[in-house]
Amino acid sequence: MVPRAEFRSYYGRPVIKAPSWAARDIAGYFFLGGLAGAGSALAAGAHATGRTTTATALKVSSLGAVGLSVAALVHDLGRPARFTNMLRVFKPTSPMSVGSWLLGLYGPAAGLAAATAVSGRFPRAGAAATAAAALTGPAVATYTAVLAADTAVPAWHEAHRELPYLFAASATAAAAGMALAVGPAREAGPARCAAVLAAAGDLAASAAAEHRMGQVAETWREGRAGRLLRAARVLTVAGAAGAAASAYGGRAARPVAALAGAALLTGSACTRFGVFAAGIASAEDPRYTVLPQRARLDAASREQERREAAPRG
């Protein structure tokens, strides 16, 4: 019999190199990109249903968010040329390449949509730009989850199935929060619905990820990541509850909606920063690189034993 394999790191040192990304830049980039992309999708809905004030506010906020997200990415890269160099080729198998092109397509569309909405000129061009931003926005909001899960970082890679759904829900919560914070109460109906659905999706995706990751999920519950993700859940639930309550608030509806929007925005930011912190913690601790390997070996051993014990026809 072959002895059971044991996985150890060299003198307890990390098995993989932790990403050199700065939390303020990259986690901020994750959050702002989600806010921008989901905001454009909600703006298109508001535009189509005649909620012009909310639509304009969301278009402007999406433009500001994508501008800040690109600035954060370039700051982390160190030189603007490194971003433009990624546009020299298109590699469908690379999340970074696909994401760079998505930003390159989404940014001008979001800019034109915001400019025409504010100026009131060229409505047809504005409608086309709004539609283009809405089509590319969801991909901008979620591709960062694929980018993170495509690495060897355990807390991200082990959640590769749930992470895109978590980022989509978190981005929708942020966009709904922005709509509640800046839009008039009479136009807030769709944003309230989006907030409640996003909160439910956020909690479900997070719980599913922690359940499937096994021991690696400890990085989502402990330390700085645990504090941020717990705060994110509390703020997201409180924001969704406030959004629903604002429908019956009468004169207090506007301040309640604004507070709910602020809670949803802050909760979404805490989610992105918490997931980022969990990834860094899992990369720096060799246990969380070894545990998934051991789990896969145990699963393979159990499957082999099952096949050997099965009766042969």
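This is a predicted model: local features need pLDDT of at least 70, side-chain atom pairs count only at pLDDT 80 or more; totals for chains, interfaces and linings use all residues.
Two residues are taken to be in contact when their heavy atoms lie within 4.5 Å.

The chain has 313 residues, 47% of which count as buried. Among contacts between residues at least 6 apart in sequence, 77% join residues at least 24 apart.

Helix α8 spans residues 189–213, a run of 25 residues. From its first C-alpha to its last, α8 reaches 37 Å, close to the 36 Å expected at 1.5 Å a residue. Its buried residues are A191, R192, A194, A195, A198, A199, D202, A205, S206, A209, E210 and M213. An α-helix has 3.6 residues a turn, so residues three or four places apart point the same way. The buried residues of α8 pack against α1 (23–48), α6 (154–157), α7 (163–182), α9 (218–221), α10 (223–246) and α11 (253–284). After α8 comes G214, with a positive phi near 70°.

The largest nonpolar core comprises 68 residues, and those with the most contacts inside it are L103, L163, L180, W220 and V275. Helix α11 gives the most to this core, contributing 11 residues. When neighbours within four places in sequence are set aside, the contacts of L180 are A188, A191, R192, A195, A243, R254, A257, A258, G261 and L264. Three of these partners, A191, R192 and A195, are also listed among the buried residues of α8.

Residue S40 is found in helix α1. S40 has a relative accessibility of 5% and therefore counts as buried, the cut-off being under 20%. Beyond its neighbours within four places in sequence, S40 is in contact with S62, Y106, A133 and A134.

The second largest pocket holds about 180 Å³ of space. Its lining is made up of 14 residues, with H47, T56, K59, T116 and A117 lying nearest the centre. Two or more lining residues are given by each of α2 (52–77), α4 (95–119) and α5 (123–149). Helix α2 accounts for the largest share of the lining, with four residues.

Technical notes
Residues are numbered from 1 along each chain as its sequence is written. Side-chain values use heavy atoms; hydrogens and water are left out. The expected span of a helix is 1.5 Å times one less than its number of residues. Buried means under 20% relative accessible area, exposed over 50%, partly exposed in between (1.4 Å probe, protein chains only). A nonpolar core is a set of buried Ala, Val, Leu, Ile, Met, Phe, Trp, Tyr and Cys residues joined through side-chain atoms within 4.5 Å. On a 1 Å grid over the protein atoms alone, a cavity is a set of points where a 1.4 Å probe fits but cannot get out, and a pocket is an open set with protein on both sides within 12 Å along at least five of seven lines; lining residues have an atom within 4 Å of a point. Grid points are joined across faces, edges and corners, and a volume is the space filled by probe spheres set on the points.
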